[in-house]
Amino acid sequence: MSSNFLRSLFLAVLLSFFAPMLLMSGSLASTWLLTCIPGVGSIGQVPATMLLAFFDTFGSGSAIQGMLTIGLVCGFVGALFDIYVFYSLKTQKGN
């Protein structure tokens with residue numbers, strides 16, 4: 001295995017893990033901040049509760065564990081896509 005492949009695989013896994021984690025934590029933070037605004041707090045409370053219930057489903061009752069599970073699965077899928085691209089480029093070149 002070449003060092004370029006391992007570097008590409010590492011970056012694919014890292015980015016595929018952190019992108020959904022940032023998206024999920026950003027959405028939770030924005031709904032939490034919405035609950036802090038007077039007058040619209042009840043509007044932000046419903047999506048925050050729904051997001052936490054969604055993450056609880058994947059984390060066996062723990063929202064943090066659910067977010068980590070989703071992030072790990074996305075990282076694994078990113079690694080699979082990177083391996084597929086490496087293999088398909090290798091076979092197209094005839095190596």
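Reply: Helices are DSSP runs of H or I with at least four residues, strands are runs of E with at least two, and both are numbered from the N terminus. The model is predicted; local features need a pLDDT of at least 70 and side-chain atom pairs count only at pLDDT 80 or more, while totals for chains, interfaces and linings use all residues. Residues are numbered from 1 along each chain as its sequence is written, and side-chain values use heavy atoms, with hydrogens and water left out.

By this definition, the chain has three helices and zero strands, and its elements follow the order α-α-α from the N terminus on.

The part to examine is the contact of α1 with α3. Two packed helices are described by the angle between their axes and the distance between the axes. Here an axis is a line fitted to C-alpha atoms, for helices over the stretch in contact, and angles run from 0 to 180 degrees between N-to-C directions. The axes of α1 (residues 3–36) and α3 (residues 63–93) come within 8 Å, and they cross at roughly 145°. The crossing of α1 and α3 is right-handed; this word applies if the near helix is turned clockwise from the far one by less than a right angle, and left-handed if anticlockwise.

Contact means heavy atoms within 4.5 Å. On the α1 side, the residues that meet α3 include Phe5, Leu9, Val13, Phe17, Met21 and Leu28. Their partners in α3 include Met67, Leu72, Cys74, Gly78, Asp82 and Phe86. The residues of this contact divide into 17 nonpolar, six polar and one charged. In this division Ala, Val, Leu, Ile, Met, Phe, Trp, Tyr, Cys and Pro count as nonpolar, Asp, Glu, Lys and Arg as charged, and the others, Gly among them, as polar.

Phe18 is in α1, and its relative accessibility of 42% is why Phe18 counts as partly exposed. The C-alpha atoms of Phe18 and Leu68 are separated by 9.9 Å, although these residues are 50 positions apart along the chain. Gln92 belongs to α3 and counts as exposed, at 64% relative accessibility. From Gln92 to Ser16 there are 76 residues in sequence and 25 Å in space, C-alpha to C-alpha.

Ser42 lies in α2 and is exposed, with a relative accessible area of 52%. Ser60 is in the loop between α2 (41–58) and α3. Most residues other than glycine have a negative phi. Ser60, however, has a positive phi of about 55° although it is not a glycine, and at 72% relative accessibility Ser60 counts as exposed.

For the chain as a whole, 26% of the 95 residues count as buried. Along its principal axes, the C-alpha trace spans about 65 × 25 × 20 Å. Of the contacts with a separation of 6 or more, 55% are between residues 24 or more positions apart.

Methods:
Buried < 20%, exposed > 50% of the residue type's maximum accessible area, 1.4 Å probe, protein only.
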